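Biologist: I would like to learn how to read a new structure. Could you walk me through this one?

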Amino acid sequence: MKENNCLFADPFWGNGATAAPPGQGLAKHWNWLKAQSGNTHPGALPPFGWISVLPYSGAYSSGYGCIGVSCDGEAPKVFDRQMAKGFTHLHTTGVGFLGEFYNFLLLTPAASGYDASSISRLDDEHASPGYYKGKLSDYGVEFELTADKFSAVHRCKFASGSGSLHLNPTQIGLEKTDDRQEKITACEYHTVSPDCFAGSVTAHGETIFFAWMISGDISKQYIDGDRMVFKSSSVVVESVLGFSRSSESEAVARARHTCSRGFERTATDTRKLWQDVLNCFQTEFDNESDKYTFYSALYHSLLKPVDSGTEYTDFQTMWDIYRTQLPLVMTIAPETGKNILRTMLHAIDRIGYFPCTYMLSDDRDNHNMQATALSVYTLADGFFRDLLTAADYPLLKKAFISEFSHADVSKKSPTHTLDLSGAYFAASLVAERCGDMELAGIWLEKSGIWRKVYDQTTGVLIDDAVYYEGDCWTYSFRPHVNMAERTALAGGEKSFEALLDKFFGFGCQDSYPIARPQIPHRFEGMNNESDMETPAAYLWCGRADKQAQVHAAIRQNMFSNGIGGCPGNNDSGGLSSWYVWSCLGLIPLTGTPYMLLASPAVKHAELPVGTKKLIIEVERNSASAVCPLYYEFKGSRFTEPYIALKELADGGTLKFVMGEFPTGKSPIPDWL
């Protein structure tokens with residue numbers, strides 16, 4: 001019988017200041033460049049659910065909790081304890097300072113005789129996937145929250161036997177952060193019926209329609225300035241907010257539907273959705289605490305992007321999720337993956353390219369300095385996983401041409417040139433498999449632009465340039481097309497390995513005055529996602545063992561349980577999904593038709609790959625063995641540290657045989 005893995009998933013994971021202890025071994029020498037908080041939230045929502053609901057304090061970055069704005073270093077606190085003004089709806093998760101934080105429609109409940117004019121203490125919190133409860137002590141309210149696809153449900157119990165609920169439609173964003181404070185630019189609301197208000201709000205050029213209903217004895221309903229108010233003589237009141245991007249009537253219909261179903265049925269159905277998606281992974285670990293970290297990370301990997309009813313949106317940090325989170329979604333939830341790919345194709349057709357942050361905002365270029373042409377990687381990944389086929393090639397070809405026409409790397413960081421190089425390579429593979437040999441050849445030749453941004457004397461990227469979230473070393477070991485030539489540029493395999501050893505801290509004896517130092521030219525150890533794929537560069541030196549050691553050191557030193565369990569901004573699941581993949585020993589190399597093999601943390605795992613099942617078995621010759629000796633797939637033994645996605649798609653048993661020490665040089669991939 002399958003376990004209910006919702007019991008291991010902690011919605012609070014990663015919400016507080018990072019709690020990683022001082023690093024050991026390699027991890028002592030890694031660079032803590034970025035903010036030390038996961039910035040996740042514990043709100044109630046279904047998998048990939050547009051609607052989320054949680055208590056609102058105005059804190060950074062989800063609107064929940066105690067943390068203040070932080071871009072680097074230890075996370076500052078704005079409250080000494082949990083506080084809240086009520087509940088808000090629609091939230092970012094894990095992100096830094098994007099400038100668009102949502103937090104629409106503040107709903108404040110208060111028992112009769114209690115003052116709700118100032119922020120309340122938030123007590124007795126509990127959360128599980130799809131459910132949250134707590135107590136607004138200074139408002140005299142115990143509450144429960146849940147949500148379905150398009151509605152949020154609030155169940156409030158008033159300490160004095162009756163109370164009121166106030167809805168503020170002008171609420172958006174966080175408490176004041178700087179002069180970029182979010183604003184509602186248009187707002188309209190009115191009474192629809194004796195139990196329903198409705199209206200719309202517009203912000204960042206996007207309009208959201210809403211409808212608000214309650215069930216319970218309504219003693220009074222009125223509009224008071226910028227508030228809608230229900231007063232009730234019931235001890236317990238259920239409130240529903242329905243949302244739509246299309247029309248007020250649709251929002252009303254959604255609210256009425258959810259209201260008719262009630263809190264318990266909505267919560268039960270949402271829990272079932274989470275059970276289905278989390279239970280599709282069955283795992284065994286040597287240490288049960290690792291199981292809690294794994295399922296907490298998996299849960300936080302399945303929140304974004306969201307189905308808003310008209311399209312998928314909230315690709316909030318495309319530069320992070322395209323490497324780990326989107327490949328995870330496409331692997332285990334292929335129907336969701338197909339819908340995400342369709343959204344991308346339609347957006348490119350409409351806009352001409354796919355923005356780095358595709359959110360509820362008309363500012364498409366807000367983060368265009370982050371990366372270039374990333375949708376090409378994801379569309380190619382979808383093709384390699386058979387979510388798109390040769391029949392879709394006309395659409396893919398048009399999208400690729402649009403992205404390449406829009407791409408301009410001339411005045412941007414060298415990282416954009418690497419982005420574009422990999423995009424050309426991915427597109428060339430798709431074109432070749434679809435028989436378009438002429439365009440495949442053109443794009444393959446253009447993928448060689450990576451050569452322009454390396455320093456021939458140092459073997460790393462040019463130093464005289466601007467690098468976002470890092471320096472020239474941070475991005476110098478990203479696997480890309482022509483890795484044999486890139487290795488030769490560094491002086492050959494031994495010289496390239498020496499550069500990698502310096503970057504990851506092998507052999508380093510330095511000591512530092514603080515436990516989390518900032519060290520230039522050094523790996524960030526998942527404090528940030530910028531270099532999350534760089535351990536794989538060791539494969540092109542024939543050192544799969546060193547890639548494995550780095551992965552094991554990251555898991556052991558940087559991730560843990562509880563609110564401090566995430567080493568840096570989770571960025572819409574970018575970090576948490578890296579952890580999930582790493583525990584499985586599978587590392588997606590986005591834009592290629594291969595999966596890299598690393599060092600699993602699981603003893604045994606079963607997971608879906610499309611419609612089939614992949615079983616992972618791990619055999620170790622000692623408890624501390626992390627180096628891969630060889631692999632078996634469907635009974636066939638091999639030593640290459642990679643496997644084709646086509647092979648994995650058929651399911652079967654993949655066995656890792658691990659030792660404490662490598663038996664020799666590992667085969668070097670020759671397909672990149």
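The talk below goes from the overall fold to the cysteines.

Modeller: This is a predicted model, where local features need pLDDT of at least 70 and side-chain atom pairs count only at pLDDT 80 or more, while totals for chains, interfaces and linings use all residues. Residues are numbered from 1 along each chain as its sequence is written, and side-chain values use heavy atoms, leaving out hydrogens and water.

Biologist: How many helices and strands does the protein chain have?

Modeller: Helices (H or I, at least four residues) and strands (E, at least two) are DSSP runs, numbered from the N terminus. The protein chain has 14 helices and 28 strands.

Biologist: What does the radius of gyration say about the protein chain?

Modeller: The radius is taken over C-alpha atoms, and the globule rule is 2.2 Å times the number of residues to the power 0.38. For 672 residues, a compact globule would have a value near 26 Å, and the protein chain agrees with 25 Å. Its C-alpha trace spans about 80 × 50 × 50 Å along the principal axes.

Biologist: What share of the residues is buried?

Modeller: Buried means under 20% relative accessible area, exposed over 50%, and partly exposed in between (1.4 Å probe, protein chains only). Buried residues make up 65% of the 672 in the protein chain.

Biologist: How many disulfides does the structure hold?

Modeller: A disulfide is a covalent bond between the sulfur atoms of two cysteines. Here the cut-off is a pair of cysteine sulfur atoms within 2.5 Å, and the structure holds 0 disulfides.
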